[in-house]
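Here are my notes on this one, in the order I jotted them down. Have a look at the structure first, then see whether you read it the same way.

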Amino acid sequence: MEPETRVIQVHRSRSTTGTGKAKTAAAQAAANEASKEGGLFSSYSARVKIQPRSVRGRYDNLRIAAVIITQLVFYGLPWLQWNGRQAVLFDLDARKFHLFGAVLWPQDFVYLAGLLVFCALTLFFVTAVAGRVWCGYSCPQTVYTEIFMWIEAKLEGDRAKRRKLDAAPMSWYKFRVRGTKHLLWVLLSLFTGFTLIGYFAPIRDLPAQIIGMELGPWQWFWFLFYAFALWGNAGFLREQVCTYMCPYARFQGAMFDKDTMIITYDKERGDPRGSRSKKADPSALGLGSCIDCGLCVEVCPTGIDIRDGLQYQCISCAACVDVCNDVMDKMSYPRGLIRYTTENALANHLDTKATAKRVLRPRVLAYAALLLALAGFLVGSLATRNPLRVDVIRDRASLARFADNGDIENTYTLQLMNASERPLVLELSASGLPGLRIAGQNRIEVPAASNRLVPIALQLPADTDQRPGSHPIKIEVTPVNPPDQTDGPSASARHEDSIFMVPR
């Protein structure tokens with residue numbers, strides 16, 4: 001019998017430090033050796049830790065500004081007060097959401113769904129126009145990786161020192177530096193998890209609850225789970241989240257076209273690559289503008305070589321643009337060898353004005369129209385909605401009975417929901433049958449941003465000439481407060497249909 005056929009799989013990956021050829025040769029040699037031994041070999045490349053070089057420039061300043069702004073919003077928003085309460089609070093226990101002056105109940109879920117759709121359409125719109133700038137500047141994975149790497153650089157030094165420390169054996173110095181780094185990472189992660197649950201529970205009460213171990217099981221779970229996930233993703237996984245875990249990297253191609261802004265290497269200008277002195281004439285040497293310094297690879301947080309063309313790992317952070325522009329300045333060459341541009345602009349040598357004109361294309365206009373329509377609906381609906389909601393629940397245990405005074409009586413329960421920031425005084429009335437009235441008190445007060453269940457009884461004179469059976473009626477709830485436009489839309493009258501049973 002012939003020996004079993006063995007499959008040799010070799011997966012070649014681009015190098016992050018310019019040693020791709022050596023690694024590929026080593027992998028091929030290992031594959032050949034395994035083949036000789038008749039064994040099964042699979043050389044799916046293990047992760048090589050990326051230590052990106054620091055870079056300064058216009059786009060780096062934009063990334064720093066994005067980090068500061070997003071974190072000020074995230075960490076500061078739960079502490080903001082509005083009318084004596086937390087401005088943004090998704091109170092799951094009370095089943096109501098506070099968004100500044102708006103109070104949303106489960107019945108208002110359409111607004112939250114509309115907000116999520118609006119955010120998704122905004123992402124599609126931005127991607128169609130400017131590529132993955134969301135990933136490069138505002139994505140939480142990118143933002144927290146930047147923060148963690150900043151802490152790492154402050155403690156361990158620049159790229160060369162970090163690589164040297166990685167290769168060094170464990171020592172007291174390495175243990176102390178790494179321990180301090182992880183301690184700061186854990187503290188930041190715990191504070192981030194604390195802030196997250198502060199959006200779902202009053203954040204000013206959380207410190208005492210954590211110290212007293214009084215959090216609920218789900219609060220403890222999300223607090224610790226989010227902190228652990230942040231520590232792992234931003235501290236260890238880093239670019240692997242963008243490359244392997246994030247679905248956006250996979251379907252971004254469906255939103256790209258040849259007029260989408262992307263980070264691009266100008267191959268026509270840059271090749272052939274080669275090193276040369278600053279005073280040398282590249283045309284005389286038969287070289288392009290690229291001096292093949294490799295800095296664009298060293299600064300890339302995902303470890304790709306942008307000179308190989310557009311790759312799904314690219315998050316459009318433009319670190320390679322900043323470092324390449326610095327090199328061009330030092331060589332006295334024009335900037336823009338690596339730049340934000342479009343495939344059409346690069347292929348057809350379009351100037352900035354001509355490139356900008358192609359932004360208004362059908363795909364972008366469609367996204368813009370959908371965004372405007374959805375934003376108009378959400379804003380208009382929230383601005384004109386009635387903060388008073390009324391539900392009528394008829395008592396099914398007793399269809400009808402005779403009251404002490406001999407009148408026919410039906411009982412109901414009203415669910416009154418006040419979505420405004422001020423208490424409402426409501427007047428109840430009923431119509432639909434001659435002589436129909438509300439027995440007892442017909443004025444009810446509902447506190448601000450709350451709901452109330454109110455039992456009521458409707459009575460009909462016993463000498464009524466109405467036929468036995470059910471009769472349609474209306475229960476009306478009318479606010480009697482003076483309108484106050486400073487608290488948002490004023491409540492207006494509501495009426496709900498129900499039935500009144502007349503016994504035989």
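1. Let's start where two helices meet. On the helix 2 side, the residues involved are Arg63, Val67, Thr70, Gln71, Phe74 and Tyr75, and they meet Val143, Tyr144, Glu146 and Ile147 in helix 5. The axes of helix 2 (residues 58-76) and helix 5 come within 10 Å and cross at roughly 105 degrees. That angle falls in the 65 to 115 range, so helix 2 and helix 5 count as roughly perpendicular to each other.

2. A word on confidence before going further. This is a predicted model, and the protein chain averages a pLDDT of 86, with 89% of the residues scoring at least 70. The stretch to watch is residues 1-44, where pLDDT stays under 50. The model still has 38 contacts beyond four places in sequence for residues 1-44. Where pLDDT is low, the predicted coordinates should not be read in detail.

3. For the overall picture, the protein chain comes to 18 helices and 18 strands. Of its 504 residues, 41% are buried. Take the contacts between residues at least 6 apart in sequence: 69% of them join residues at least 24 apart.

4. Back to helix 5, this time with helix 6 (residues 159-167). Their axes are 9 Å apart and the helices pack at an angle of about 80 degrees, so helix 5 and helix 6 are again roughly perpendicular to each other. Helix 5 brings Glu152, Ala153 and Glu156 to this contact, and helix 6 brings Lys161, Arg162 and Leu165.

5. Is glutamate 156 buried or exposed? Its relative accessibility is 5%, so glutamate 156 counts as buried, the cut-off being under 20%. The residue sits in helix 5 (residues 140-156). Which side chain does glutamate 156 join in a polar contact? The partner is arginine 178, at 2.7 Å. Leaving aside neighbours within four places in sequence, glutamate 156 is in contact with Lys161, Arg162, Leu165, Val177, Arg178 and Lys181.

6. Three strands form an open sheet in the order 5-6-7, with antiparallel pairing. Strand 5 (88-91) and strand 7 (102-104) are the edge strands, each pairing on one side only. On average, neighbouring strands of this sheet are turned by 10 degrees against each other, direction ignored. Strand 5 and strand 6 (residues 96-99) pair over four bridges in the antiparallel sense. If you want a pair to click on, valine 88 has leucine 99 in strand 6 as its bridge partner.

7. Phenylalanine 109 is found in helix 3 (residues 109-130). With a relative accessibility of 53%, phenylalanine 109 counts as exposed; the cut-off there is over 50%. Phenylalanine 109 and phenylalanine 97 are twelve residues apart in sequence, and their C-alpha atoms are 9.7 Å apart in space.

8. Last stop, lysine 278, in the loop between helix 12 (267-270) and helix 13 (282-285). Lysine 278 is exposed, at a relative accessible area of 53%. Not counting residues up to four places away in sequence, lysine 278 touches Lys330, Met331 and Ser332. A polar atom of the lysine 278 side chain lies 3.2 Å from the backbone oxygen of lysine 330. Isoleucine 291 is 13 residues from lysine 278 in sequence, and 9.8 Å in space, C-alpha to C-alpha.

Conventions:
Residues are numbered from 1 along each chain as its sequence is written. Side-chain values use heavy atoms; hydrogens and water are left out. Buried means under 20% relative accessible area, exposed over 50%, partly exposed in between (1.4 Å probe, protein chains only). A polar contact is a pair of N or O atoms within 3.5 Å; within protein, one must be able to donate a hydrogen and the other to accept it, and residues adjacent in sequence count only if both atoms are side-chain atoms. Contact means heavy atoms within 4.5 Å. Two strands pair if DSSP finds at least two bridges between them. Axes are lines fitted to C-alpha atoms, for helices over the stretch in contact, and angles run from 0 to 180 degrees between N-to-C directions. pLDDT is the predictor's confidence in each residue, from 0 to 100. Angles under 35 degrees count as roughly parallel, over 145 as roughly antiparallel, 65 to 115 as roughly perpendicular and the rest as oblique.
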